[in-house]
There are 2 protein chains.
Amino acid sequence: MSETSRDLQDHLVALIRGFGLHNPDVTPCGVPMSVSEAHTLMELADREDRTQRELAVALQLEKSTVSRLVSNLEGKGWLVRRSSPSDGRSVLLCLTNKGQRLAAKLAAARAAKFAQVATAIPEDELKAVLRALEVVVRAMSSAKSDNSAIQKNEEYENR
Amino acid sequence: MSETSRDLQDHLVALIRGFGLHNPDVTPCGVPMSVSEAHTLMELADREDRTQRELAVALQLEKSTVSRLVSNLEGKGWLVRRSSPSDGRSVLLCLTNKGQRLAAKLAAARAAKFAQVATAIPEDELKAVLRALEVVVRAMSSAKSDNSAIQKNEEYENR
DNA sequence: TTCAGATAGTTGTATAATACAACTATCTAC
DNA sequence: GTAGATAGTTGTATTATACAACTATCTGAA
């Protein structure tokens, strides 16, 4: 493996770790709710009247999981379910005022966290940093479609 | 919030998502084992004869969780437990040949993944990208120690 | 126009990963 | 030598998840 490729690995691993995706009770931004709950709030804040199915697709979760997730949030008074006027099978999800306030707080906490990071970056580096991040993201997504390096077989038995 | 701070947020979120920390059955590098298992393998490959306690500290998991995790891996034949000659309470963990082979595969898969990303980055950008990642990591760790932006109280009731 | 199949959601059940508490065995310091 | 600390195990509970079976509703084609 080349030297730069190892450097890239080390730096990206450090970045991911530094982000702190570990604790399931607290979002990376320090708000005390689970990651699924936070994502739900953000999805619904972006656009209300999503159906549960749409939410499931967005969160990449099974519909039964989403059904229970939504029940919990309904129980906490963060959202309400309405049955869709146009399709009797569907349920439309809509944040309550409380849910909207929480979504706003969450967004603010996230923004504050990133603003903190931004101010810790020297002024004259910022532009280069943003450009570099774009390059990395693009490189990762083009690498993702090529799975040739991934082995699937052999020796992972006993699971 | 400033424009650059929002850009930073968007790019970092895209990077984290792109990394794909979602599926608990497959590591981000495509190896079919849980993230805890992969981390255990990597920790023990770095240095054998760790105790369970040391492993628990490294993985940030409770000792009972580690006890069961280690039992599983022992059952799969990836490692063995030996009682410590110097401290009768402690258990020393040691990868089997099979465990070492898996650790090596895992390391190789990770390296391959990053090498793929590295080759997708234009030659003339690579140096700037590495430099930028260092800057971001440093900025994140200095921002982490300041938690003033995190609110803890209010309105998260009913959990 | 009806009915077969598709779709949205719920509920039952199972599993995995985790934590905390209580316990045992061992160690250490006074 | 004993009191308290420490390493590990086991019992129990919780949470997040998936899959399967079910109900209700919708849609398109004979």
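Helices (H or I, at least four residues) and strands (E, at least two) are DSSP runs, numbered from the N terminus. The model is predicted: local features need pLDDT of at least 70, side-chain atom pairs count only at pLDDT 80 or more, and totals for chains, interfaces and linings use all residues. Residues are numbered from 1 along each chain as its sequence is written, while chains are lettered from A and ligands numbered from 1 in the order in which they are written.

Start with DNA strand D. A residue is near a strand or molecule if its C-beta atom, placed from the backbone, lies within 6 Å of it. The surface near DNA strand D draws at least two residues each from α4 of chain A and from α3 (52-59) and α4 of chain B. Of these, α4(B) gives the largest share, 5 residues. There are 23 residues around DNA strand D, and A:Glu62, A:Gly88, B:Arg53, B:Ser64 and B:Ser67 come nearest. The classes are simple: Ala, Val, Leu, Ile, Met, Phe, Trp, Tyr, Cys and Pro count as nonpolar, Asp, Glu, Lys and Arg as charged, and the others, Gly among them, as polar. By that rule, this surface has 5 nonpolar, 10 polar and 8 charged residues.

Now turn to DNA strand C. Around it stand 23 residues, with A:Arg53, A:Ser64, A:Ser67, B:Glu62 and B:Gly88 nearest. Here α3 (52-59) and α4 (63-75) of chain A, and α4 (63-75) of chain B, supply at least two residues each. The most come from α4(A), with 5 residues.

Next, look at one residue of helix α3 in chain A, A:Leu59. A residue is buried if 20 or more other C-beta atoms, placed from the backbone, lie within 10 Å of its own, exposed if 12 or fewer, and partly exposed in between. A:Leu59 has 17 such neighbours, so it counts as partly exposed. Contact means C-beta atoms, placed from the backbone, within 7 Å. Beyond neighbours within four places in sequence, A:Leu59 is in contact with A:Ser36, A:His39, A:Thr40 and A:Val66. A:Ser36 is 23 residues away in sequence, yet 7.6 Å away C-alpha to C-alpha.

Chain A has an open sheet of 3 strands, ordered β1-β3-β2, with antiparallel pairing. β1 (50-51) and β2 (79-83) of chain A stand at the edges with a single partner strand each, so one side of each lacks a neighbour in the sheet. Strands pair if DSSP finds at least two bridges between them. β1(A) and β3 (residues 91-95) of chain A pair over 2 bridges in the antiparallel sense. A:Thr51 stands opposite A:Leu92 in β3(A).

Note on methods
Two residues are in contact if their C-beta atoms, placed from the backbone, lie within 7 Å.
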